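Subject: Structure handover

Hello,

Here is the structure I said I would pass on. Please have it open while you read the notes below it.

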Amino acid sequence: MPESLPTELLQLRQRAERFAAEVLAPEQAAVEVAGEDHAAVRDRVTRAARESGFFSMTQPKSAGGSEAGLLALTVVRDTLAGYNTGLDRFVFGPGPGVLADCGEPLRSRYLQPLLNGEKRGAFAFTEPDDAQHYTRAVRDADGVFVVTGRKSYVTRGGDADFLNTLVEVEADGKKGRALLVIDAHAPGVLIEQRFESLDGSHHAAFRFDSVRVPAEHLIGKPDDGLPRAMRQIGDTRLAIAAQAVGLSRWAIAFTHAHLQAPHHSGEPLGAREGVRLRYAELRIKTFAARSMLYRTARMGEAGANIINEGMACKVFTTETVGEVTDTAMQLVGGKALTVGHPLERLYREVRALRIAEGASDVLRLNLARGSLDLNKGIL
């Protein structure tokens with residue numbers, strides 16, 4: 001639990017608090033008040049994160065990173081999100097993702113430049129709703145993969161140098177899912193659409209028209225693409241859960257201050273019984289969400305398989321932050337609907353979390369399957 005951390009993690013949390021207060025909060029003001037260029041702010045935050053050691057926490061030791069454990073990452077993510085600056089996404093360096101443990105030439109061509117910040121990668125996983133088939137890769141007589149298909153929702157894909165792409169391949173008469181590294185500017189790779197989602201993040205939809213991909217761009221084995229992809233998604237789900245918990249804590253603190261402030265009725269809003277009941281519910285849900293988050297992180301740190309627990313954690317924490325933010329807006333009133341209000345921005349951001357890396361009901365079905373069909377997961 002967050003109150004029973006070892007000394008080194010308590011010290012890490014204090015460092016994260018200072019970083020958020022001394023770096024992230026002032027930089028947020030530079031954007032919102034002074035209107036400073038967002039790219040310049042991003043670069044300053046990243047530079048400060050490198051100097052403080054947070055940047056390297058998500059990077060392997062073999063590449064010069066500190067490769068922090070799951071619990072340490074959870075502590076920092078929860079802490080930084082608790083300031084609701086929107087800048088914590090610039091704090092951590094790019095991790096290896098599905099390229100972890102890859103060999104040459106992928107390591108020198110893509111993994112190392114990715115970790116150094118010299119290249120940007122994106123994960124092409126989601127098929128369009130109207131797709132008749134998965135994106136396919138067929139090996140020709142020269143052993144080259146020829147890729148055809150579409151991917152509909154590639155986060156930050158418009159700025160990527162390469163795409164780690166999940167494809168269906170056939171080898172020895174059997175079909176399997178594989179991961180291929182595809183250069184974003186290779187012949188036949190077309191961006192069909194660039195778009196921005198509700199939370200302000202940018203994405204792209206791609207089409208692959210007989211794209212020729214060298215055989216050495218295969219990540220791992222032809223049939224382990226989906227398990228490798230799901231491992232990355234599983235790690236991301238817990239990161240999202242930590243973000244959701246931190247943002248819930250911020251929304252509760254904001255609401256707490258509002259309920260204790262003077263009100264035109266002559267007494268603070270927090271003196272009303274109906275308001276207190278709603279506020280108490282927010283604290284109950286967030287307490288449960290934070291407890292679930294840290295328990296899941298401890299289990300993962302100990303080496304347990306937390307696929308099912310990670311899904312449960314992601315569903316509960318993201319739905320909790322949605323409820324907390326919505327109720328906070330209701331208690332604050334009409335001014336919370338004003339564009340630019342902290343709760344208005346937060347409302348748009350947290351709605352996306354219930355869909356990212358697996359929509360809530362899809363994860364519920366997977367959880368049921370894990371228990372009823374596979375006898376996996378614990379309570």
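N84 has a positive phi of about 45° although it is not a glycine. N84 counts as buried because its relative accessibility is 3%; buried means under 20% relative accessible area, exposed over 50%, partly exposed in between (1.4 Å probe, protein chains only).

Before going on, note that this is a predicted model, in which local features need pLDDT of at least 70 and side-chain atom pairs count only at pLDDT 80 or more, while totals for chains, interfaces and linings use all residues. Residues are numbered from 1 along each chain as its sequence is written, and side-chain values use heavy atoms, with hydrogens and water left out.

D101 lies in the loop between helix 3 and helix 4. D101 is not a glycine, but has a positive phi of about 65°. With a relative accessible area of 77%, D101 is exposed.

Apart from neighbours within four places in sequence, Q59 is in contact (heavy atoms within 4.5 Å) with G65, S66, E67, G93, P94 and L115. A polar atom of the Q59 side chain lies 2.9 Å from the backbone oxygen of P94.

Now the strands. Two strands pair if DSSP finds at least two bridges between them. Strand 7 (residues 202–213) pairs with strand 3 (residues 145–155) in the antiparallel sense over eight bridges, and R150 stands opposite R207 in strand 7. Strand 7 is also joined to strand 6 (residues 189–196) by seven bridges, and these two run antiparallel. R194 has A204 in strand 7 as its bridge partner. Strands 6 and 7 form a hairpin with five residues between them, and G200 in the turn has a positive phi of about 90°.

In a regular strand the side chains alternate between the two faces of the sheet. You can look for that on screen.

Regards

Definitions and conventions. Polar contact = N/O pair within 3.5 Å; in protein donor to acceptor, adjacent residues only side chain to side chain. Helix = DSSP H or I, 4+ residues; strand = E, 2+ residues; numbered from the N terminus.
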